[in-house]
Amino acid sequence: MALVKTLIPGSIFLAECCHAQLRSFAVPSSPYSRRQFKASATKMASTEAQGRGKTIDSHLHVWASPQEAADKYPYFPGQESTLPGHLDFLFQCMEEASVDGALIVQPINHKFDHSLVTSVLKKHPTKFVGCCLANPAENGTGVKQLEDLILKMTNEVGKAMFSRAGELGVPVGFMCMKGLNLHISEITELCTEFPSTAVLLDHMAFCRPPTNDEEKLAFSELLKLSRFHQVYVKFSALFRVSRMSPPYEDLVPLLAEVVSNFGANRVMWGSDFPFVVPESGYKGGKEAASHIASRASLSSSEVEWIMGKTVMQLFQGQWLP
């Protein structure tokens, strides 16, 4: 089944399918100029004073507590929560880890009911950016159409949407859940044809420390995408891509190569809360990212970009400096 995220004030929107995910991000209150995607690292460094030292989580979820679900924000049938992911718990984790803000992705637990996430955005407009989920067609026919579009993004409609996103200054994200090799040709074609459209690759495009030729090829293709200046990499959900226990030291050489090729100002950390909690703890997940960066011999300035400044640059005005 395909799902599409749609736009609400102060939010982003996302399209998903079972094989790959296409995401488009927009902040209507603070549009992002496509000219910035062509800016050099030197020009971007001129904005370093903005948000210096702020830590922003680029990927997490929040859903109702069992009591909240019973009283006001019910879970979608069959999608009851198995992990605590309510706002108070998130705040507790963020405070403990000294994380200042986050991008909230609408959880499957509430499916098309956005009331909980919307309430969080309204209460904390300078702390969170939200991602909402919407059925692409009331009669359900849009589900198949969207799935075809995402799996064949280089068709005429897909290209038109990708191009229009660039014209509007809206970044488009891909989550290659089944592997980057399945989608690299489409991503490459789109980036080549539409250089003004920014692209985000979630969870390092699911490139794990390579153990065979296929995985080596996938990581090599990820690094080659750095030639497109509009491509950004999410260093997120580390427990999903590492083959080791925390602090995931097998990711050290991968991060070093990603930063060497893309630059730290095109890399951003994300926790994947609350799924990260039973894996390393929220604070542990953040500390693992910092540990990996340290082992990769990154500078303090590079770490600042990865831990918050990159995502702040993409969503200007959403997190106060």
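Buried here means under 20% relative accessible area, exposed means over 50%, and partly exposed lies in between (1.4 Å probe, protein chains only). The model is a predicted one, in which local features need pLDDT of at least 70 and side-chain atom pairs count only at pLDDT 80 or more, while totals for chains, interfaces and linings use all residues. Residues are numbered from 1 along each chain as its sequence is written, and side-chain values use heavy atoms, with hydrogens and water left out.

Turning to the salt bridges, each defined as a side-chain nitrogen of Lys or Arg within 4 Å of a carboxyl oxygen of Asp or Glu, the count comes to 7. One of them joins D272 to R240, with the closest N and O atoms 2.6 Å apart; D272 is buried at 2% relative accessibility, whereas R240 is partly exposed at 34%. Another salt bridge pairs E249 with R295 at 2.9 Å, N to O, and here E249 is partly exposed at 30% relative accessibility, as is R295 with a relative accessible area of 46%. K309 and E304 also form a salt bridge, their closest N and O atoms being 3.9 Å apart, with K309 buried at 4% relative accessibility and E304 partly exposed at 23%.
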